[in-house]
Amino acid sequence: MVWVPLRTTRTDHLALLYTSKNSFTKMSLEWLTDWSWSLDGLRDFIATGIQSFRDCDTTALTAVACLLVLFVWYCYHVGREQPRTYVTVNSLMQSSDANGLQNGYAYCHSPECVRCARNDGLNQKLYHNLQEYAKRYSWSGMGRIHKGIREQGRYLNSRPSIQKPEVFFLPDLPTMPYFSRDAQKHDVELLERNFQTILCEFETLYKAFSNCSLPQGWKMNSTPSGEWFTFYLVNQGTCVPKNCRKCPRTYRLLGSLRTCIGNNVFGNACISVLTPGTVIGEHYGPTNIRIRCHLGLKTPSNCELVVGGEPQCWAEGRCLLFDDSFLHTAFHEGPPEEGPRVIFMVDLWHPNVAAAERQALDFIFAPGR
């Protein structure tokens, strides 16, 4: 099939010839006629527009030019923006690396943080530390720690979702979300006897919240809603001298505890404050070698701790022991007039970690090692 355009005068129209082996047929040219008239009309329209534009005054031209520039600027910036993704709290809890959030809990990514900093060579480092400890002291009683380090990857990956310590799992320890007060009876009773002492030092500290800025020594933590403040005396095995000087009696009390973890990165002691309407996202602790002790200082209504799906309520002057390597969360849904929920938190050794193992773990996980 061959299409042949014929050039004639302006008033003539295009002719279309169709040539084939058996027949010759002339096609209708009506649509080409309409197209030609449309082109003539478009040409006249453009010419009229140009003439009208020339007749406009300077003010109108300037306005049109400004509008054109603004339109081009808008298109440029819209094109540069990345699509905004709207996510729910549940989807945040399922994402392990979006904006540093895992299970709704924010991670600091600090190289000094044993939990937040992801160290691909951690197992090799731990094994080297264990070997160094055994050369200095003894391999006696190190079987469980050696087994845990050697098969750490398998343990962490195969744990049920209800309990997944993020850094170190010691095998063959009894697992339960909550522990009875008798698990660390001496330390629990000592903390409870000194309830008023700790409460008074907290109230002195809390007076600094009368201004708008966060008082020195306090840390604000990320939460899905509300405000969560902590005041550390010991942070990952390291004493915070300025804070300890503000709570001298509470700090001295830590030295009287028999099972306080104070010499390795899994040990913490702090005052924790939740304002009304605060929810702490579900998250896991770094290890199962410790149990976390909460001494209630101020416990308004509708405040709960949920560990492994089991809820418990704090009580003023009473200790609550739990394994924070289980999935856990806390919230304060009490009325604003009742004030914040306040607890004193300290990490104690799991009662089934032997003395020789504690000494070795203090060496292996010493701060800064």
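The following dialogue examines how several features of this predicted model are classified.

Student: Why is Phe-363 called buried?

Tutor: Phe-363 has a relative accessible area of 11%. Buried means under 20%, so Phe-363 is classed as buried.

Student: Why is the aromatic pair of Tyr-133 and Phe-363 called tilted?

Tutor: The ring centres of Tyr-133 and Phe-363 are 5.6 Å apart, with 55° between the planes. Centres must lie within 6.5 Å for a pair, and planes under 30 degrees apart count as stacked, over 60 as edge-to-face and the rest as tilted. The pair of Tyr-133 and Phe-363 therefore counts as tilted. Tyr-133 is also buried, because its relative accessible area is 5%, against a limit of 20%.

Student: What makes this pair a tie between parts of the chain that are apart in sequence?

Tutor: Tyr-133 belongs to helix 4 and Phe-363 to helix 11, so the pair ties together parts that are 230 residues apart in sequence. Tyr-133 and Phe-363 also form one aromatic cluster with Tyr-137. A search of the whole structure gives six aromatic pairs.

Student: How do you know that helix 11 is largely enclosed by the rest of the structure?

Tutor: Helix 11 spans residues 355–364, and seven of its ten residues are buried, so the helix is largely enclosed. The buried residues are Glu-357, Arg-358, Ala-360, Leu-361, Asp-362, Phe-363 and Ile-364. They pack against helix 4 (122–136), helix 5 (143–150) and strand 16 (341–349).

Student: What makes strand 16 largely enclosed?

Tutor: Nine of the nine residues of strand 16 are buried, so strand 16 is largely enclosed by the rest of the structure. Arg-341, Ile-343, Met-345, Asp-347 and Trp-349 point one way, while Val-342, Phe-344, Val-346 and Leu-348 point the other way. In a regular strand the side chains alternate between the two faces of the sheet.

Student: How do you know that strand 16 pairs with strand 9 and with strand 11?

Tutor: Pairing requires at least two bridges. Strand 9 (residues 269–274) and strand 16 share six bridges in the antiparallel sense, and strand 11 (residues 290–298) and strand 16 share eight, also antiparallel. Both therefore meet the requirement. Val-346 of strand 16 stands opposite Ala-269 and is the bridge partner of Cys-293.

Student: Why is Arg-341 said to sit over the ring of Trp-314?

Tutor: The charged end of Arg-341 is 4.6 Å from the ring centre of Trp-314. The distance limit is 6 Å, and the charge must also lie within 35 degrees of the ring normal. The distance is thus inside its limit, and Arg-341 is classed as sitting over the ring.

Student: Why are strand 10 and strand 13 called edge strands?

Tutor: Four strands form an open antiparallel sheet in the order 10-15-12-13. Strand 10 (278–283) and strand 13 (310–312) each pair on one side only, and they are the edge strands. The twist averages 15° from one strand to the next. Strand 12 (residues 303–307) is joined to strand 13 by three bridges, and Val-307 stands opposite Glu-310 in strand 13.

Student: Why is the pair of Phe-202 and Tyr-206 also called tilted?

Tutor: The ring centres are 5.2 Å apart and the planes lie at 35°, so the pair is tilted. Phe-202 and Tyr-206 both lie in helix 8 (residues 195–206), four residues apart, about one turn of the helix. Phe-202 is buried at 1% relative accessibility, whereas Tyr-206, at 27%, is partly exposed.

Student: Why is Gly-226 called partly exposed?

Tutor: Its relative accessibility is 45%, which falls between the limits of 20% for buried and 50% for exposed. Gly-226 therefore counts as partly exposed. Gly-226 is found in the loop between strand 6 (218–221) and strand 7 (228–235). Beyond its neighbours within four places in sequence, Gly-226 is in contact with Thr-275, Gly-277 and Thr-278.

Key: Residues numbered from 1 in each chain as written. Predicted model: local features only at pLDDT ≥ 70, side-chain atom pairs only at ≥ 80, totals over all residues. Heavy atoms only, no water. Helix = DSSP H or I, 4+ residues; strand = E, 2+ residues; numbered from the N terminus. Buried < 20%, exposed > 50% of the residue type's maximum accessible area, 1.4 Å probe, protein only. Contact = heavy atoms within 4.5 Å. Axes fitted to C-alpha atoms, helices over the stretch in contact; angles between N-to-C directions.
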